[in-house]
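Subject: Structure for your files

Dear colleague,

Here is the structure I said I would send. My notes on it follow below.

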Amino acid sequence: MLKRYVILAFSFLTVISLMAAKKEKTADVDLTTWAQEQASKLPEEIDGVKIYRANDLDSDGHARVTGFVELPGLDATQGFIAALVYVQDNLDPETDEVTTVDIDKKRFVVDRVIPNGEGKSATSYIYSTAYQLSDDLMSFVSYDVDIEFKEKGLIKRTLALEKFKPATNTRHKEIVEGFFLANSKIIDGITQYAKENSNLEVTHWPEVKKGKVTQGMNETEVKLIGGKPRSVTTSGSRIQWMYSNSFIVIFTDGTVSHVVQ
């Protein structure tokens with residue numbers, strides 16, 4: 001009988017030890033720590049896109065993605081023009097907005113909503129990114145990241161990025177990795193566009209700073225002010241950009257010839 005008790009006690013202790021080991025193995029870690037561990041294990045690029053993961057917390061404990069990319073040969077002004085034009089060209093006018101532009105300091109802020117997936121796997125990434133251009137360099141910080149998703153494919157939830165538990169929840173891991181990839185693709189798009197469009201010309205800086213479209217401006221200058229038009233109509237050498245019924249810009253041979261505003 002004593003021998004039986006000893007065996008049972010040993011078996012019980014073994015089970016407890018295995019459970020403790022399993023718990024230790026799958027223990028939660030904070031998101032930024034997990035993300036940096038992933039960065040050290042996984043490839044730096046996916047399909048040629050460098051992946052930027054959460055690597056910082058602000059003073060309130062909110063996770064952020066910060067980084068920089070090199071733009072060799074571009075001064076701050078050239079980089080700023082190209083970056084802002086690219087962003088304006090690729091915003092969804094229904095959900096996205098350039099909220100702050102500081103021309104003198106070569107920085108701007110964008111609010112975005114990026115949908116991803118469908119049905120039970122549908123998610124939306126809701127966040128802001130601040131871009132700062134300097135000579136040969138663009139730095140950025142993506143912050144205030146909220147992600148809308150369906151818990152277990154049924155219940156719609158919205159969580160701040162730092163609330164996800166990717167170390168122990170496979171669905172959470174897919175969601176946050178999806179955000180890192182989506183955001184990284186935007187950074188990559190800006191980078192490539194800036195490198196290939198270093199000669200965008202702006203000669204009407206006073207008017208651009210005032211946000212006033214005037215005759216003689218080129219398309220780049222108008223985009224810096226108004227962003228991407230809702231519709232474009234071409235007739236011979238004349239091109240009409242319609243932003244609204246009360247804001248229409250007409251180009252003739254590439255420069256603004258008439259403004260309805």
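Tyr-243 is buried, since its relative accessible area is 10% (buried means under 20%, exposed over 50%, and partly exposed in between, with a 1.4 Å probe and protein chains only). Tyr-243 belongs to strand β11, residues 238-244 (strands are DSSP runs of E with at least two residues, helices are runs of H or I with at least four, and both are numbered from the N terminus).

Two notes on the source. The model is predicted, so local features need pLDDT of at least 70 and side-chain atom pairs count only at pLDDT 80 or more, while totals for chains, interfaces and linings use all residues. Residues are numbered from 1 along each chain as its sequence is written, and side-chain values use heavy atoms, with hydrogens and water left out.

Salt bridges

Side chains of opposite charge can pair when their charged atoms come close. A salt bridge is taken here as a side-chain nitrogen of Lys or Arg within 4 Å of a carboxyl oxygen of Asp or Glu. The count by this rule is seven salt bridges. Three of them are described here, including the one between Lys-223 and Asp-89.Lys-223 and Asp-89 pair through their side chains at 2.9 Å, N to O. This pair ties together distant parts of the chain, with Lys-223 in helix α6 and Asp-89 in helix α3 (residues 76-89), 134 residues apart. Helix α6 covers residues 219-226. Lys-223 is buried because its relative accessibility is 15%, whereas Asp-89 is partly exposed at 22%. The two side chains are also joined by a polar contact of 2.9 Å (a pair of N or O atoms within 3.5 Å; within protein, one must be able to donate a hydrogen and the other to accept it, and residues adjacent in sequence count only if both atoms are side-chain atoms).

Asp-56 forms a salt bridge with Arg-64, and the closest N and O atoms are 2.3 Å apart. Asp-56 is partly exposed at 25% relative accessibility, and Arg-64 is partly exposed at 25%.

In the salt bridge of Glu-151 with Arg-157, the closest N and O atoms are 2.8 Å apart. Glu-151 is buried, with a relative accessible area of 18%, while Arg-157 is partly exposed at 35%.

Backbone and surface charge

Which residues have a positive phi although they are not glycines? Asp-136 has a phi of about 65°, and Asp-144 has one of about 50°. Asp-136 lies in the loop between β7 (123-134) and β8 (137-151), and Asp-144 lies in strand β8. Asp-136 counts as partly exposed because its relative accessibility is 37%. Asp-144 is partly exposed too, with a relative accessible area of 44%.

Asp-136 also belongs to a patch of negative charge on the surface, together with Glu-70, Asp-75 and Asp-135. Patches are made of residues with over 30% relative accessible area and no salt bridge; like charges are joined within 9 Å, and nonpolar side chains (Val, Leu, Ile, Met, Phe, Trp, Tyr) within 5 Å. Asp and Glu count as negative and Lys and Arg as positive, while His and the chain ends are not counted. The place of a charge is taken as NZ of Lys, CZ of Arg, CG of Asp or CD of Glu. Accessible areas come from the Shrake-Rupley method with a 1.4 Å probe, and for residues only the protein chains shown count as cover.

Regards
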